[in-house]
Amino acid sequence: MRRSAVRSKRRSPPFDIPKPIGATALPTDLTEASPVERRVDTLLRFETAGQGPFLLAVEAQVKKDPDKPASWAYYVSYLWTKYRLPAALLVVCQDHATAKWAQQPVASGPAQLPTLTLRPLVAGPHNMPVITDPDEARADLVLASLAAITHAAEPVVNAILKALSTALRDAPEDIAAPIVEFTAHGLGNRPARHLWRNLVAVDLSFYKSYISEEIRDEGREQGRAQQGAQDVLLVLEQRGLDVSDEVRTRITECGDPEVLRHWLARAVTAASAEAVFESE
């Protein structure tokens with residue numbers, strides 16, 4: 001009686017599996033058939049004295065995006081697999097609502113089986129200091145950069161960026177380089193990005209970064225556009241065509257050298273100044 005009672009007693013698993021009402025077998029090959037481009041905004045490797053190296057993936061997030069947590073989990077898992085190093089994720093936000101959303105843990109499995117849970121570190125205007133003193137910025141360049149990015153939507157960002165650029169003058173290029181690039185990327189399309197580009201060009205003129213190269217390229221592009229506009233107007237005027245203020249403004253405000261070259265070709269034979277625009 002005792003044995004049969006033991007045999008008949010139902011055993012429950014040590015975990016709670018949701019009861020399925022259907023199941024489908026899926027392919028077991030997890031190899032990606034075609035390459036998919038996935039990039040983190042910034043990836044840093046840190047060395048520590050007591051715990052060895054680790055990776056820090058940094059993502060700038062400007063608004064809530066329900067698809068992002070799955071991508072972030074992929075980034076961290078991939079980095080862990082590729083480098084065989086502990087990998088952490090820092091999400092940098094510029095407003096309180098996005099920061100609050102980003103710091104919520106997200107599990108990959110059902111509620112009863114969370115399996116992998118993503119808990120990113122979140123930096124935002126709610127927990128980042130305002131650093132406007134170059135000496136304070138020099139003491140912690142990474143923190144100063146995060147301060148600039150997280151306060152990018154606030155007027156105080158100008159003072160933070162000026163303090164950071166001043167502090168970077170004394171930094172070795174191998175230290176300044178990632179700070180400059182990280183700050184530029186984190187500022188996104190905010191107006192503060194233009195100030196940062198100008199500060200890099202002036203205060204860090206020695207530094208050869210993609211930002212300074214972009215500034216130089218933009219200057220060359222603007223120069224070509226200005227010359228192109230002058231050429232179009234010169235041809236029209238030499239042909240004795242009447243150039244209205246509206247036409248002159250449209251030509252001089254065009255910043256695309258290719259379009260201006262097209263207008264120049266048209267200006268040679270156009271019956272009127274307005275006719276240079278006809279075949280756009």
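Biologist: At roughly what angle do the axes of helix α5 and helix α7 cross?
Modeller: The model is predicted, with local features needing pLDDT of at least 70, side-chain atom pairs 80 or more, and totals for chains, interfaces and linings using all residues. Residues are numbered from 1 along each chain as written, and side-chain values use heavy atoms, without hydrogens or water. Helices are DSSP runs (H or I, at least four residues; strands E, at least two), numbered from the N terminus. The axes of α5 (141-150) and α7 (173-187), lines fitted to C-alpha atoms over the stretch in contact, with N-to-C angles from 0 to 180 degrees, come within 9 Å and cross at roughly 15 degrees.

Biologist: Is α5 roughly parallel or antiparallel to α7?
Modeller: Under 35 degrees counts as roughly parallel, over 145 as antiparallel, 65 to 115 as perpendicular, the rest as oblique. So α5 relative to α7 is roughly parallel.

Biologist: How many nonpolar residues does the contact of α5 with α7 have?
Modeller: In α5, Leu141, Val142 and Leu146 are among those meeting α7 residues that include Ile175, Ile179 and Phe182 (heavy atoms within 4.5 Å). Charged residues there number none and polar residues three. The nonpolar ones number nine.

Biologist: Which element gives the most to the lining of the second largest pocket?
Modeller: Leu44, Phe46, Val142, Ile179 and Phe182 lie nearest its centre. Strands β1 (42-46) and β2 (54-61) each supply at least two lining residues, as do α5 and α7. The top contributor, with five residues, is α7.

Definitions and conventions:
Ala, Val, Leu, Ile, Met, Phe, Trp, Tyr, Cys and Pro count as nonpolar, Asp, Glu, Lys and Arg as charged, and the others, Gly among them, as polar. On a 1 Å grid over the protein atoms alone, a cavity is a set of points where a 1.4 Å probe fits but cannot get out, and a pocket is an open set with protein on both sides within 12 Å along at least five of seven lines; lining residues have an atom within 4 Å of a point.
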